[in-house]
Amino acid sequence: MSKIIIGRYIPGNSIVYKMDPRGKIIATFLFIVIIFLANNWVSYFFLSIFTLLAVWATKLKPKVFWDGVKPLIWLILFTSVLQLFFTTGGKVYWHWGVFNISEYGIQNSIFIFIRFVMIILTSTVLTLTTTSLEIADGMEWILKPLGYLKVPVAQIALVMSIALRFVPTLLDQTVRIMNAQRARGADFNSGGLIKRIHSIIPILIPLFISSLTVAIDLATAMEARGYREGAKRTRYRVLKWSKYDWINLGYFALLTLILLLTRTY
Amino acid sequence: MSIEFKNVDYVYAPGTPFQTQGLADISFKIEKGSFVAIAGHTGSGKSTLMQHFDGLLLPSKGKITIAGDPINANTSSKSLKAIRKKVGLVFQFPENQLFEETVLKDVMFGPLNFGFSEQKAKEQAVEWIKKVGLSEDMMDKSPFELSGGQMRRVAIAGVMAYEPEILCLDEPAAGLDPEGQKQMFEIFKEYQRAGHTVILISHNMDDISEYADDMLVLDHGHLIKHASPQEIFSDQEWVKKHYLDEPATSRLTRELQKGGFQFSEMPLTIESLVSKVANELKKKGDMDE
């Protein structure tokens, strides 16, 4: 579990850390959208430059990012290989039954590969440099317009920050329960599928019970401290838009423009 | 059936930005049948050490021998099961591990996993449910209907029901009422007298002085002292320097010494303190006459 880097925050002190989470979230989402605008070598070149700049700006060790890509490497390779064998068009270099390696196939598989890696890298930049609470605050601000459609944005934001706050607690609790059951002889890593599913029960039931207990206790504690549903509340954590965010969005707009231009010409 | 650690190191999350040293160069030997206390302040490595006793954590370096079985960095998970049968681990707040529909079934979970027959597992479970002080009519209840203290007892019975040769307890009495605490400790002491090794992790020096006969003190992952509680608590300077508490008995003893009482050695249990004071008073009375 400790190997998974996605969703992890690593404290640091570079420019990316000082950016507003709203800017980072918007940029990351839009990046995943505009990545599909790219359709030739020039546009992929610019995409890569932009991504590598973002990675470089975090000032984190490259190995951390490699850890982010590693768990997904088989999915990426699998998709690329499929593209390689099943795309037709252009010069055909090799051919056997339904399989063939063509000029477009090679190009497409490389594009897909880059696209995957870019998406993983940019989202890793976001999660590595932004605490989960910042992400929740940013999401709340972004969702605010939905309030006009009677969506309870404030409540959703509260649910999000509580959920994020309890992810590490629940993970700890899971590990503790697993250890306790292991000490009593439970075995989670052997036997067939049915047996393995069965062996999850001694983890899941205590976990449910303790989550519900925590929820009840937390609700009581919140009420005791003056929380009322629907009451007007002030904010303690205030998001601040800095000049780096403008620069970030500026670069992003530039990239979009370049992609659109390379698409038309 | 002893436990031996030889130059054991443990590193959490090696090779990541979260790498931390849990244990550093730990070596000691615990004899069979002793009641060992492990003390040290929060984050000193007590719980990390405990998880090595039954292979939940494998040492990054060094070698452990538990009741004849070796554990090192490359021990396979298959051979660990035999070790886990010999070592019972009661974690902090063990009531969090209950999951079965009835108390009886929950206590039977351990014995069944370790290959007891259905019949034998049931016998053991019934016996230990009674021994930890629960009445027979609770066996068919859901563990979630019980009070916190009763759940704790069920959880402890669940570990003791397979009668491990080595019983490790991590703050087993935390959150229990004083009466319940005393009762549980009497059960553990009784278990030791029956020939088992008991290891107790505790912040409570009164419990340690009352029950333990050997003591390990940890600090920042290092073993800084391995001696009898007698020896450790006699050196008041050292205890203070390492931010350990002092048991109430030794504090009272020192106050009495100031008042002119003589003690050949520091009494650590209430009983021995009382008998020594009574002896002194008797002597004084004899002299006065």
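B:Met215 is in contact, beyond its neighbours within four places in sequence, with B:Val36, B:Ala37, B:Ala39, B:Met205, B:Ile208, B:Lys225, B:His226, B:Ala227, B:Pro229, B:Ile232 and B:Phe233. Together with B:Phe188, B:Met215 touches the most other members of the largest nonpolar core, which has 54 residues. The model described here is predicted.

**Nonpolar cores**

**Fold and overall form of chain A**

- Chain A contains 11 helices and two strands.
- Along the sequence, these elements of chain A are arranged as α-α-α-α-α-β-β-α-α-α-α-α-α.
- Chain A is more spread out than a compact globule, because its radius of gyration is 23 Å, well over the 18 Å that the globule rule gives for 265 residues.
- Taken along the principal axes, the box filled by the C-alpha atoms of chain A is roughly 70 × 55 × 40 Å.
- Among contacts in chain A with a separation of 6 or more, 70% are accounted for by residues 24 or more positions apart.

**Surface and charge of chain A**

- Buried residues make up 34% of the 265 residues in chain A.
- The accessible surface of chain A is about 16600 Å², and carbon and sulfur atoms contribute 71% of this area.
- Chain A carries 28 positive and 12 negative side chains. The centres of these two sets lie 4 Å apart.

**A:Thr129**

- A:Thr129 lies in helix H6 of chain A, which covers residues 103–129.
- The relative accessible area of A:Thr129 is 1%, so this residue counts as buried, the cut-off being under 20%.
- Setting aside neighbours within four places in sequence, the contacts of A:Thr129 are A:Tyr9, A:Val16, A:Tyr17, A:Lys24, A:Thr58 and A:Glu134.

**A:Glu140**

- A:Glu140 belongs to helix H7 of chain A, formed by residues 132–143.
- A:Glu140 also counts as buried, because its relative accessibility is 15% and the cut-off is under 20%.
- Residues up to four places away in sequence not counted, A:Glu140 touches A:Val153, A:Ala154, A:Ala157, A:Met160 and A:Arg235.
- A:Phe208 is 68 residues from A:Glu140 in sequence, and the C-alpha atoms of the two are 27 Å apart in space.

Terms used. Residues are numbered from 1 along each chain as its sequence is written. Chains are lettered from A and ligands numbered from 1 in the order in which they are written. This is a predicted model: local features need pLDDT of at least 70, side-chain atom pairs count only at pLDDT 80 or more; totals for chains, interfaces and linings use all residues. Side-chain values use heavy atoms; hydrogens and water are left out. Helices (H or I, at least four residues) and strands (E, at least two) are DSSP runs, numbered from the N terminus. The radius of gyration is taken over C-alpha atoms; the globule rule is 2.2 Å times the number of residues to the power 0.38. Buried means under 20% relative accessible area, exposed over 50%, partly exposed in between (1.4 Å probe, protein chains only). Contact means heavy atoms within 4.5 Å. Accessible areas come from the Shrake-Rupley method with a 1.4 Å probe; for residues, only the protein chains shown count as cover. Lys and Arg count as positive and Asp and Glu as negative; His and the chain ends are not counted. The place of a charge is taken as NZ of Lys, CZ of Arg, CG of Asp or CD of Glu. A nonpolar core is a set of buried Ala, Val, Leu, Ile, Met, Phe, Trp, Tyr and Cys residues joined through side-chain atoms within 4.5 Å.
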